[in-house]
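Student: Could you walk me through the charged pairs in this one, and then the overall fold? I'd like to go slowly and ask as we go.

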Amino acid sequence: MLRRFAIWTTVAAVALVTLLSLAPSAAAASPTGYEVAPVFRDFYQRYGGVPVFGFPLGPATFENGYLVQYFERQRFEYHPEYADTEYAVLLGLLGKEAAVREGRDLRRVAPIPGRRYIAETGHNIAPEFLSYWESRGSVRLFGYPITEPFWENGLLVQYFERARFEYHPDLAGTEWAVLLGRLGAEIWAERQRDVAYQGNSLALQLAQLINDRRRAAGIAPLTLDATLTAIAQQRSDDMARRGYFAHVSPEGRTAFDLIAATGIPWRYAGETLQRNNYPLAQTAAEAARSLFASPSHREILLDPRFTHFGVAEATASDGMHYYTVVLIQQ
């Protein structure tokens with residue numbers, strides 16, 4: 001393992017850089033090419049694994065400040081505020097998100113004789129789904145029903161807070177008669193299409209300037225990666241919000257801890273930090289100038305081993321801009 005630190009300072013700008021070298025990660029065995037992130041493995045296996053959740057669709061990433069991972073039928077979320085409790089890992093409210101997006105009827109209804117009525121949401125669970133719901137985790141896993149059952153495209157469908165239940169008549173009498181809808185895959189596809197790169201204009205400017213310098217040096221440009229960008233945004237947001245400037249957070253976490261949590265396969269990883277209080281029209285250019293003015297920073301950003309990066313910026317209440325660049329070799 002190799003670590004290198006360099007500090008370069010001017011009156012209006014400060015930049016730091018770190019490089020970490022590790023042995024290659026093992027190749028993923030999943031047919032999708034991704035493995036369950038370490039923090040989710042126990043929950044995934046305990047509550048049904050592939051038959052219930054499907055395979056992971058990508059590495060874990062950060063959304064709204066939480067580490068999440070999308071599976072074919074669900075989104076896993078890690079909530080550090082519940083660490084060391086049974087609720088540290090929760091499933092996303094994908095059923096509710098999809099039902100609202102599709103305009104489903106969520107109005108409460110009256111109880112139907114002979115059916116399990118859920119007073120909390122005012123809906124009856126279809127007999128075809130009741131046993132599956134009760135035996136596979138009920139409220140803990142799937143939440144309460146939020147629609148009445150209805151037929152669509154030859155399937156009996158009912159939306160729950162965290163899932164869409166589907167009854168397949170052609171599989172009646174088999175263990176596959178009830179399946180969860182592929183909501184995770186649907187929402188993941190939308191996320192990939194709509195958010196090809198999650199970054200603000202200042203971060204995009206810095207990313208472009210870095211790749212311009214690599215091209216000018218005859219080095220292949222880096223590929224912008226949404227997961228690495230989410231990690232970088234976590235770092236910039238945290239520094240801007242809490243007013244520190246370091247590779248290690250007050251709790252002792254680093255970008256490399258966040259990379260490891262996502263399960264991204266990588267061999268080398270690096271992070272550069274820069275902050276300045278230049279005006280909006282100049283701040284991104286100043287970030288690039290200061291980073292490349294330092295030989296140690298320039299060496300990292302022009303390292304041909306790196307293949308992917310994420311770039312983020314956050315502005316503190318005092319107007320200071322915090323930039324983070326996270327780089328890896330896959």
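**Salt bridges and the chain around them**

Tutor: The count comes to 18 salt bridges, where a salt bridge is a side-chain nitrogen of Lys or Arg within 4 Å of a carboxyl oxygen of Asp or Glu. Please keep in mind that this is a predicted model, in which local features need pLDDT of at least 70, side-chain atom pairs count only at pLDDT 80 or more, and totals for chains, interfaces and linings use all residues. Residues are numbered from 1 along each chain as its sequence is written, and side-chain values use heavy atoms, with hydrogens and water left out.

Student: OK, which residue does Glu152 form a salt bridge with?

Tutor: Glu152 pairs with Arg104, and their closest N and O atoms are 3.1 Å apart. The pair links distant parts of the chain, since Glu152 is in strand 9 (residues 150-152) and Arg104 is in the loop between helix 3 (94-102) and strand 7 (116-118), 48 residues apart. Helices (H or I, at least four residues) and strands (E, at least two) are DSSP runs, numbered from the N terminus.

Student: And which residues are linked with Arg104 and Glu152 in a network?

Tutor: Arg101 and Glu102 join Arg104 and Glu152 in a network of salt bridges.

Student: What about Glu134, what does its side chain meet?

Tutor: The side chain of Glu134 meets that of Arg116 in a salt bridge, at 2.7 Å from N to O. Glu134 lies in helix 4 (residues 127-135) and Arg116 in strand 7, so the pair ties together parts that are 18 residues apart in sequence. Glu134 is partly exposed at a relative accessible area of 43%, and Arg116 is partly exposed at 34%; the cut-offs are under 20% relative accessible area for buried, over 50% for exposed and partly exposed in between (1.4 Å probe, protein chains only).

Student: Then Glu271 and Arg235, buried or exposed?

Tutor: Glu271 and Arg235 are both buried. They form a salt bridge whose closest N and O atoms are 2.8 Å apart, and the pair links distant parts of the chain, with Glu271 in strand 14 (residues 268-276) and Arg235 in helix 8 (residues 226-242), 36 residues apart.

Student: Switching topic, how many helices and strands does the chain have?

Tutor: The chain has 11 helices and 16 strands, and 52% of its 330 residues count as buried. Among contacts (heavy atoms within 4.5 Å) with a separation of 6 or more, 57% are between residues 24 or more positions apart.
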